[in-house]
Amino acid sequence: MLKEVELAIVGGGPAGLSAACEASAFGVDTWVFDEQSAPGGQLIKQIHKFFGSSAHMAGRRGIDIGDSLRKRAEAQGVHVCLNTVVFGYNDGNLAICDGRGVKEVKAERIIIATGASENVLRFPGWTLPGVMGAGAAQTMMNVHRVKPGRRVLMVGAGNVGLIVTYQMLQAGIDVVAVVEAKAEVGGYEVHAAKIRRAGVPVLTSHTIVKACGEESVESVVIARCGPDFKPIPGTERELKVDTVCLAVGLNPLTELTQLIGCRHEYDAALGGWIPSHDDRMETSVPGVYVAGDLTGIEEATVAMEEGRIAGISAAESLGKVSADKAAALRTEAIGRLTELRSCSFGRYGPGSGFKPTRAADKPGGEIDLSGGLGVIVECDQDIPCDPCEKACPTGAIKVGAPITNLPTVNQSLCTGCGSCVAACPGLAVFLVDTRKTEGDKADVTLPYEYLPVPEVGNEAAVVDRDGKTLGKGRIVRALASAKYDRTTLVTVRVDKAIALRVRGIARQ
Ligand SMILES: Cc1cc2nc3c(=O)[nH]c(=O)nc-3n(C[C@H](O)[C@H](O)[C@H](O)COP(=O)(O)OP(=O)(O)OC[C@H]3O[C@@H](n4cnc5c(N)ncnc54)[C@H](O)[C@@H]3O)c2cc1C
Ligand code: SF4
Ligand code: SF4
């Protein structure tokens with residue numbers, strides 16, 4: 001059976017759905033095919049709040065961003081076909097299988113947005129049950145509600161390894177360590193900070209040597225490693241774990257673009273082989289466009305912008321939008337893309353990753369509490385992000401342009417409302433308030449995303465940024481509001497002497 005459509009999009013992740021929203025807004029008959037049972041791609045398991053700007057729904061949780069994109073696409077008449085694998089390409093037609101049978105789709109234009117798959121790492125014991133990709137573990141936890149293990153070693157301290165570790169802690173799983181072969185953490189420091197304060201060691205210049213066990217993983221051996229990533233003899237140690245999660249990079253899913261005959265190029269920094277494309281996202285095969293992680297491993301924010309460009313370009317080539325309007329919209333999207341990619345972690349950035357700019361050894365030391373209030377912002381890298389600024393009703397926090405600026409705080413404008421504490425996706429903002437406390441006490445308000453939420457009136461141990469116990473405090477408030485979107489603002493009363501160093505409450 002042959003189905004004829006104007007635009008076929010393969011992949012219903014942020015790239016494919018954004019492309020569908022753009023193209024359908026210009027009246028293009030748009031069909032999205034995705035093999036999963038729910039649209040959103042990687043977003044269906046991203047329960048954390050995202051970075052970016054309001055154009056990328058920053059500050060909202062990935063799961064909700066995917067849902068918004070799907071609703072907008074469907075409201076604009078996009079046909080979203082789930083449980084539908086696109087497995088072939090013959091004579092210009094896509095071959096699809098939707099569980100009821102195989103069909104061919106003849107599309108005037110095609111956008112491929114198939115995303116990426118996880119890399120693996122080989123070591124003795126890597127085939128034992130219990131060794132799995134971090135993304136697979138995340139799917140088990142957040143989509144299927146199954147704990148992948150009880151005691152886990154995470155291999156890789158990029159954003160995926162750090163985020164999945166945090167989500168494992170939220171699920172009540174014990175992560176014994178994160179090992180990273182490089183000398184520095186590869187992901188955002190704010191993600192690393194969340195797990196350090198929860199007491200999980202992030203061991204840089206360390207690697208996994210082997211996984212041991214008869215029928216499944218019972219332990220692992222890790223060791224220090226040098227710049228060549230080879231274990232240094234004599235530094236081995238054994239850790240009792242039942243699960244090893246591999247977060248060692250992603251690799252663009254190019255099978256379809258290869259089948260279609262698009263030209264590809266190799267770029268190790270972007271994840272390997274990627275389809276070559278122009279600034280309209282059109283490949284070497286006319287009428288075939290690409291977007292998202294398929295064109296290089298980046299972020300959902302980037303995937304959405306690339307999807308927009310591909311959707312606009314496909315609509316333009318179908319004659320649904322004028323060349324001038326399409327060019328203007330593309331220029332806007334390319335401007336936002338350039339801004340996103342210009343941070344240290346981005347495609348155009350220096351690639352240095354960590355860029356400390358504040359006195360790391362004096363946490364909160366620069367804050368003057370004489371006015372009774374102090375906002376501590378532990379966000380020291382030029383990541384593209386601004387929900388703290390958008391949440392502040394008084395303009396006390398500023399990011400400005402470009403969006404990779406570090407946030408600055410005008411303490412004199414702060415009213416202590418706490419909105420920035422709840423809005424920050426990096427959980428990197430803390431509020432110290434001495435206005436209602438007497439003597440040597442201060443109230444510290446923290447973002448809290450574990451269950452159970454500490455009870456008001458209870459005593460709790462408070463920890464510093466490394467998870468070390470600083471002392472005890474009393475919970476005086478636990479504020480959950482719809483506008484905080486499942487982040488609870490917990491206020492703990494502590495000795496003023498430690499208030500500026502408190503970064504967390506020991507989990508119960
Ligand atoms: C743990 C983790 C945390 C992340 N956190 C963030 C974050 O905080 N902020 C951020 O901006 N980004 C984050 N990302 C990255 C972000 O999720 C990806 O960059 C983004 O999802 C890429 O979008 P995409 O549409 O290109 O691909 P995907 O989201 O992977 O979607 C591709 C879709 O295509 C489908 N598909 C593939 N092949 C076929 C086929 N042949 N037939 C039919 N369907 C097919 C797939 O099943 C999938 O549904 C994170 C990623 C991970 C893994
Ligand atoms: S506590 Fe409120 S007023 Fe103060 S910086 Fe944060 S958002 Fe602005
Ligand atoms: S402090 Fe601001 S810029 Fe930094 S992670 Fe939080 S919201 Fe983003």
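Reader: Angles under 35 degrees count as roughly parallel, over 145 as roughly antiparallel, 65 to 115 as roughly perpendicular and the rest as oblique. Which applies to α3 and α4?

Author: In this predicted model, α3 (residues 134-142) and α4 (residues 159-170) pack at about 30° with axes 10 Å apart, and are therefore roughly parallel to each other. Helices (H or I, at least four residues) and strands (E, at least two) are DSSP runs numbered from the N terminus; axes are fitted to C-alpha atoms over the stretch in contact, with angles from 0 to 180 degrees between N-to-C directions.

Reader: Which residues make the contact?

Author: A134, A137, Q138, M141 and N142 come from α3, and V160, I163, V164, Q167 and M168 from α4; contact means heavy atoms within 4.5 Å.

Reader: Now I297: where is it found?

Author: I297 lies in the loop between β19 (288-290) and α7 (300-317). Beyond four places in sequence, I297 touches A116, L250, N251, P252, L270 and G271. Its C-alpha atom is 9.6 Å from that of I274, 23 residues apart along the chain.

Reader: What is the average pLDDT?

Author: The chain averages 93, and 96% of residues score at least 70, on the predictor's confidence scale from 0 to 100. Residues 352-363 fall below 50, yet have 26 contacts beyond near neighbours in sequence.

Reader: And the conventions?

Author: Residues are numbered from 1 along each chain, with chains lettered from A and ligands numbered from 1 as written. Local features need pLDDT of at least 70, side-chain atom pairs 80 or more, while totals for chains, interfaces and linings use all residues; side-chain values use heavy atoms, without hydrogens or water.
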